[in-house]
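This briefing accompanies the sequence and model shown below. It is meant to be read with the coordinates open in a viewer.

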Amino acid sequence: MAKILVAEDEKNLREVLSIALEEDGHDVTLCENGKIAIDALKREIFDIIITDLKMPEADGISVLKTSKELSPDTVVIMITAFGTIETAIETFKEGAYDYLTKPFNINELRHTINKALEKKVLTEQNILLKREIESKYGFENIIGRSPTMQKVFTMIQKIASTMSNVMITGESGTGKELVARAIHNLSPRKDRPFVTINCGALPENLLESELFGHMKGSFTGAISNKEGLFEVANGGTIFLDEISETSQNLQVKLLRVLEDHSFKRVGGTSDINVDIRVIAATNRELRDEVKDGKFREDLFYRLNVLPIHLPPLRERREDIPLLVEYFLTKYSKGNAKKTSPEALDILVNCPWKGNVRELENTIARVVALTDRDTILIDDIPKEIRGPALANEMIPYDVPDEGVDLDGLVKDIEKNLLLNALDKSKGIKTEAARLLRISFRSLRHRLKKYGIN
C-alpha cells in the first residue's frame with residue numbers, strides 16, 4: 001500500500017482514479033487544483049504524487065517542484081492532455097518519474113505506480129543495506145567482519161588517542177591510507193590537517209622539497225620560498241606512504257624530525273619546529289630491508305612504535321561478499337544490482353593480487369557495463385574468472401596431512417579437458433582454442449588420460 005496524492009481538476013477523472021487506486025489498497029488524497037495539492041504537501045509526506053500538468057491556481061510543474069523541495073524521495077507521475085516532447089523533457093528535467101498522456105488506460109497507470117514503488121523500495125533497501133554494513137562491519141569507510149579486520153578496528157580505536165607514531169604494513173590495495181585517516185579522525189588532532197604523500201612517486205630531490213620546503217634560489221626552479229608538508233601538517237598528522245622507497249640521505253632527515261621535532265628547509269639555515277604525528281606505511285617487509293642495509297634501523301624503531309598489519313583479501317575471504325554488496329550499492333546509484341551465487345563464488349575465489357582496490361575497480365567496471373539487475377559469471381572480466389577458477393579447484397592452504405601435488409595437478413588438467421570438450425560440444429579444435437593450447441597438444445593430453 002502506498003500513500004498517494006492525486007491532483008486533477010477534472011472531477012470525473014479524479015473520482016475514477018480514486019476508486020481504482022483505493023481498490024488496489026492505496027491511501028488516496030484528492031486535490032482539485034495545484035494550490036490545494038501544494039498545501040497538502042506542506043502538511044504530509046506522500047509516496048507517490050499523480051498530478052495533471054494544466055490546472056488552475058498552480059500547475060503540475062509547481063506541484064512537482066514543491067514536492068522535490070519538501071520530499072525529494074516522493075515519486076511524481078505527470079499526466080496531461082497536451083503532450084509534447086518539449087513538455088515531457090521539462091517534466092523529466094524537474095525530476096518527474098514518468099509522463100502519461102490522456103487518455104490513458106488505468107492499467108497503464110497501475111503498471112507505472114508498481115514500477116515506481118519497486119524502485120522506491122529498492123532505493124530504501126540500498127540505503128538500509130549501506131547503513132547496516134557501515135554500522136555492523138564498517139569503520140571509517142573500512143569494511144570487514146572477519147576476526148582479523150575486527151582486530152584491526154580494535155587496534156585503531158586503542159591507538160588513535162595516543163601521540164605515538166604508527167607503522168601500517170600490508171600489500172598494495174589493502175587500505176593502508178584508509179586506516180591512517182581513521183586513526184587521525186579519531187584522534188585529538190582530527191581538527192588539524194591530515195597530509196598524505198607517496199614517497200615512491202617522486203625523485204629524491206623533489207620529495208625532500210615536498211616534505212621540508214625550500215628557499216628561493218636553493219636549486220634550479222626554486223623561484224620562491226615554499227612551505228613543506230611537515231609545515232602544512234603542523235598540529236595534525238602526516239601520512240608517509242611507501243616509506244621504504246626513501247633514500248638513506250632522506251631517512252637521516254626524517255629521523256631528525258622524529259627526534260627533535262624540527263627541520264630545515266632545503267637551502268635554509270633556520271630550524272622550523274613542528275608538532276606532528278607521523279603515520280608511515282609500506283608494502284615491504286621493513287625488517288628485511290633493515291637487515292639488508294636499505295633502511296635505517298633507528299628510523300624503523302622510531303616509526304614502528306605502534307604497528308598495524310592489514311591482511312590481504314585472500315586471507316579474509318569471508319569479507320568478500322560483504323565488500324561486493326557494499327561496492328554494488330556504491331556504484332549502482334539506486335539500481336540495486338545483485339550477484340548470482342555462481343558469480344559471487346567466482347569473486348570469492350579470485351586471488352585478488354590488488355586486494356580491495358582491485359575488487360572495487362572490478363565491481364565498478366561490471367556495474368558500468370552490465371544492463372541486467374543480476375550480475376552473472378559472463379559479466380565478470382575474463383582476467384578475473386580464470387585465476388578464480390584455478391583458486392576454486394586448488395586448496396589455498398596445504399592441509400596438515402599434506403597433499404598429493406602430482407595427483408591434484410592431473411585431476412585439474414583432466415577436469416579442464418573434459419570441461420572444454422563439453423563446452424565445445426566435442427569439437428577438438430574449439431576445445432584447444434578454449435584451453436589456449438595447440439591441437440597436437442590437446443590430442444596428446446586426451447590420449448594421456450584415455451579421454452575419447
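What follows takes the chain as a whole and then turns to a sheet, the nonpolar cores, some backbone details and a helix.

The model is predicted, and its chain holds 19 helices and 16 strands. The radius of gyration is 31 Å, well over the 22 Å that the globule rule gives for 452 residues, so the chain is more spread out than a compact globule.

**Overall shape and burial**

- The C-alpha trace spans about 90 × 80 × 45 Å along its principal axes, and buried residues account for 44% of the 452 residues in the chain.

**The five-stranded sheet**

- An open sheet is formed by five strands, which are paired in the parallel sense and follow the order β9-β10-β13-β8-β14.
- Its edge strands are β9 (194–198) and β14 (306–309), each of which pairs on one side only, and neighbouring strands of the sheet are turned against each other by 15° on average, when direction is ignored.
- β10 pairs in the parallel sense with β9 over five bridges, with Val 195 standing opposite Ile 238 of β10.
- Four bridges join β10 to β13, and these strands run parallel; here Thr 237 stands opposite Arg 277 in β13.
- β13 (residues 277–282) also pairs with β8 (residues 166–169), again in the parallel sense and over four bridges, and Thr 282 of β13 is the bridge partner of Thr 169.
- Helix α6 (residues 147–159) lies across β8, β13 and β14, and runs at about 160° to β14.

- Five of the five residues of β10 are buried, so the strand is largely enclosed by the rest of the structure.
- In a regular strand, the side chains alternate between the two faces of the sheet.
- In β10, Thr 237, Phe 239 and Asp 241 point one way while Ile 238 and Leu 240 point the other way, and all are buried.
- When neighbours within four places in sequence are left aside, the contacts of Leu 240 are Ile 197, Cys 199, Leu 211, Leu 254, Val 278, Ile 279, Ala 280 and Ala 281.

**Nonpolar cores**

- The largest nonpolar core has 30 residues, of which Leu 211, Phe 230, Ile 238, Leu 240, Ile 243 and Leu 303 touch the most other members.
- Two or more residues of this core come from each of β9, α8 (204–212), α9 (229–232), β10 (237–241), α10 (248–260), β13, α11 (286–291) and α12 (297–303), and α10 gives the most, with five residues.

**Backbone details in loops**

- Most residues other than glycine have a negative phi, and most peptide bonds are trans.
- Glu 242, in the loop between β10 and α10, is not a glycine, yet has a positive phi of about 50°; at 12% relative accessibility, which is under the 20% cut-off, Glu 242 counts as buried.
- Trp 352 likewise has a positive phi, of about 45°, although it is not a glycine; Trp 352 lies in the loop between α14 (341–349) and α15 (355–369) and, with 0% relative accessibility, counts as buried.
- Lys 102 and Pro 103 are joined by a cis peptide bond with omega of about -10°, and Pro 103 is placed in the loop between β5 (98–101) and α5 (106–136).

- Helix α17 (residues 405–423) has 19 residues and reaches 27 Å from its first C-alpha to its last, close to the 27 Å expected at 1.5 Å a residue.
- The buried residues of α17 are Gly 407, Ile 412, Glu 413, Leu 417, Ala 420 and Leu 421, and just after the helix Lys 425 takes a positive phi of about 55°.
- Ser 262, in strand β11 (residues 262–263), counts as buried at 4% relative accessibility; leaving aside neighbours within four places in sequence, Ser 262 is in contact with Arg 256, Val 257, Ile 272 and Asn 273.

Terms used
Residues numbered from 1 in each chain as written. Predicted model: local features only at pLDDT ≥ 70, side-chain atom pairs only at ≥ 80, totals over all residues. Heavy atoms only, no water. Expected span 1.5 Å × (residues − 1). Buried < 20%, exposed > 50% of the residue type's maximum accessible area, 1.4 Å probe, protein only. Contact = heavy atoms within 4.5 Å. Pairing = 2+ DSSP bridges. Axes fitted to C-alpha atoms, helices over the stretch in contact; angles between N-to-C directions. Core = buried A, V, L, I, M, F, W, Y, C linked by side-chain atoms within 4.5 Å. Rg over C-alpha atoms; globule rule 2.2 N^0.38 Å.
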